[in-house]
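Take a walk through this fold.

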Amino acid sequence: MLVRKNSHFAILFLLSLLGVNCHKDDSNQPGFDMDYHLDFVIQAGLGTDVEHHYYIKNIPSKYLTYLSQYGKTDADISKIFPSAVVLNGTYGDANYRFIDQAVLRVYLESEPNDLIEAAYRYPAPMDPGNTLALIPNQPDVKRILSSSRFSIDIGLRLRNITQEETNAHLDMTFRAYYK
């Protein structure tokens with residue numbers, strides 16, 4: 001009976017290892033990074049009872065420029081994933097401790113209800129200082145970033161009322177993978 005229980009445990013353990021190893025690692029797959037840098041202002045006096053949205057519209061994707069720079073065509077790109085999203089203080093004096101949750105969604109301005117969550121942070125660290133890194137999701141956003149322009153929605157849920165205006169700088173990196 002003990003041997004049978006141990007063999008079941010061993011089989012379950014091996015299956016769990018196989019499941020972990022089945023996740024495809026794209027870090028070595030060829031591609032290029034698409035970087036975007038945007039500024040916005042978080043107003044003073046914002047409350048904690050709702051999610052506050054910052055819509056930045058009509059951002060040039062520079063997709064064709066990136067393709068040209070790397071000698072690729074649209075057909076060469078299989079997918080585009082978010083790889084890094086960081087909220088920084090513009091002047092180095094910001095402290096994002098008032099943020100409880102953050103989410104970044106991308107969309108086409110012509111389709112504002114078709115948002116894709118690209119990155120999130122929940123819960124945010126209690127005292128992140130001047131930099132708040134979001135965790136990239138793994139949605140394929142090629143259909144959005146391959147357009148000439150795209151838009152973003154930065155959603156913030158606060159743990160404290162904002163005491164002062166904060167100049168924020170958003171750094172986003174998306175990775176375009178080759179087929």
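This is a predicted model: local features need pLDDT of at least 70, side-chain atom pairs count only at pLDDT 80 or more; totals for chains, interfaces and linings use all residues.

Residues are numbered from 1 along each chain as its sequence is written, and side-chain values use heavy atoms, without hydrogens or water.

Begin with the sheet. Eight strands form an open sheet with antiparallel pairing, in the order β1-β8-β3-β6-β5-β4-β7-β2. At the edges are β1 and β2 (51-60), each of which pairs on one side only. From one strand to the next, the twist averages 20 degrees. Strands here are DSSP runs of E with at least two residues, numbered from the N terminus, and two of them pair if DSSP finds at least two bridges between them.

Look at one pair. Strands β4 (residues 99-107) and β7 (residues 149-158) run antiparallel and are joined by eight bridges. Ile99 stands opposite Leu158 in β7.

Now the core. The largest nonpolar core has 45 residues, and Met34, Ile99, Leu104, Ile152, Met172 and Phe174 touch the most other members. Such a core is a set of buried Ala, Val, Leu, Ile, Met, Phe, Trp, Tyr and Cys residues joined through side-chain atoms within 4.5 Å. Beyond its neighbours within four places in sequence, Met172 is in contact (heavy atoms within 4.5 Å) with residues including Met34, Leu104, Phe150 and Ile152.

Last, the loop. Gln29 sits between α1 (2-21) and β1 (31-42). Gln29 counts as buried because its relative accessibility is 17%, and buried means under 20% relative accessible area with a 1.4 Å probe, protein chains only. A polar atom of the Gln29 side chain lies 3.0 Å from the backbone oxygen of Tyr178.

Key:
Helices (H or I, at least four residues) and strands (E, at least two) are DSSP runs, numbered from the N terminus. Buried means under 20% relative accessible area, exposed over 50%, partly exposed in between (1.4 Å probe, protein chains only). A polar contact is a pair of N or O atoms within 3.5 Å; within protein, one must be able to donate a hydrogen and the other to accept it, and residues adjacent in sequence count only if both atoms are side-chain atoms. Axes are lines fitted to C-alpha atoms, for helices over the stretch in contact, and angles run from 0 to 180 degrees between N-to-C directions.
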